[in-house]
Amino acid sequence: MRPLTCPACGARVFFDNLDCPCGAAVAYLPDADVFALLGDGDGAADGPAEGAAPAAPCANREAASCNWAADAPGALCRSCAMTVVFPDLSVGENRALWVRTEAAKRRVLRGLGRWGWFTLADPGPRPEFHMLSEDTASGETRVMMGHLSGAITINVTEADPAERVARREAFDEPYRTVAGHFRHEIGHFLFERLAAEPGFSDAFRALFGDERADYGEALAAHHANGAPPDWAARHVSAYASAHPHEDWAESFAHVLHLWAILGGFVGEGLSAPCLPHPDYDPYAAEDGAEVIQAAGELCISLNAINRAMGIGDLYPFVLSETAREKLVFAHSWLRAGPGAG
Ligand SMILES: [Zn+2]
Ligand SMILES: [Zn+2]
Ligand SMILES: [Zn+2]
């Protein structure tokens, strides 16, 4: 894994960049995980092109600062194409909140794409995102985030950092981000795809419990009584103790968190004694327990660096043995990719 670079000049280009400092307009090719020069989609590149074919811009390039390439001129990229419901962009800060929410989604999809999920090679269904805001033309409304029958509702209001921190404190959570919401809800979505795979359900229930237990009752009990005092012995988070479905979504999200942390670290060309070998790629690694161990050790150091700047821990979690087993299980199915069954 290497940092993303400009195809014109070779300089470093960051994941969200629309342009390189050399002046070249660039577009990210999600399946190849590289930048291409931006073209109009059916002609020569506008920049100082050489080599690779120019990429067509996503139709949301202007509207959402989306720097992903589309498969055809005038089309949306595969991330934007998954959003089917939008907040009223003429109201308040909704446009800026939606743009930030889409950026978080692209980052999450990049990680999943490393295992083939939702890429062109993935023949299975993909989620439809409903991006809603609490701020509407007719006043404040409540938005419930969640997954239902392939539709994932995300509250773009949480792209406002002050709102998000207020909620994190109200719910007494150690960590709350828009990327985290996407990772959690996509976990629910992919559960339904994986549950159709032979061997998944029995192995799942042996580790997480029976997800056919009444969900409404379990959630009501969780909200009334809170998590059991010893939740950390079995779960990655307090909320994960609410129901096997939530345990799965939380464990799934933490696989994506930890792989993003370690993948980001080695992607920067950095090395640490906890890495199994210098060219380690966590997305290619077969042994999930090995990645979790390395990422956990790395996070101890990264947390210390954050504390040096007076900010919160990068990864404010300690994983018990059972919680790790659940992450290893989720990783084994994620890594198998969409063509597994
Ligand atoms: Zn350049
Ligand atoms: Zn796009
Ligand atoms: Zn959930």
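Leu 132 has its bridge partner in strand E10, and that partner is Asn 155. Strands here are DSSP runs of E with at least two residues, and helices are runs of H or I with at least four, both numbered from the N terminus. The model you're looking at is predicted, so local features need pLDDT of at least 70 and side-chain atom pairs count only at pLDDT 80 or more, while totals for chains, interfaces and linings use all residues. Residues are numbered from 1 along each chain as its sequence is written, with chains lettered from A and ligands numbered from 1 in the order in which they are written.

Strand E6 (residues 128-132) runs parallel to strand E10 (residues 151-155), and five bridges link the pair; two strands count as paired if DSSP finds at least two bridges between them. Both belong to an open sheet of four strands, ordered E5-E6-E10-E9, with mixed pairing. E5 (83-85) and E9 (146-148) sit at the edges with a single partner strand each, so one side of each has no neighbour in the sheet.

Helix H4 (residues 178-194) packs on this sheet and touches E9 and E10, its direction making about 165° with that of E10. Such angles run from 0 to 180 degrees between N-to-C directions, using lines fitted to C-alpha atoms, for helices over the stretch in contact.

What about the whole chain? It's divided into domain 1 (1-77), domain 2 (78-186) and domain 3 (195-341), with bounds from an automatic or database domain assignment.

Definitions and conventions:
Contact = placed C-beta atoms within 7 Å.
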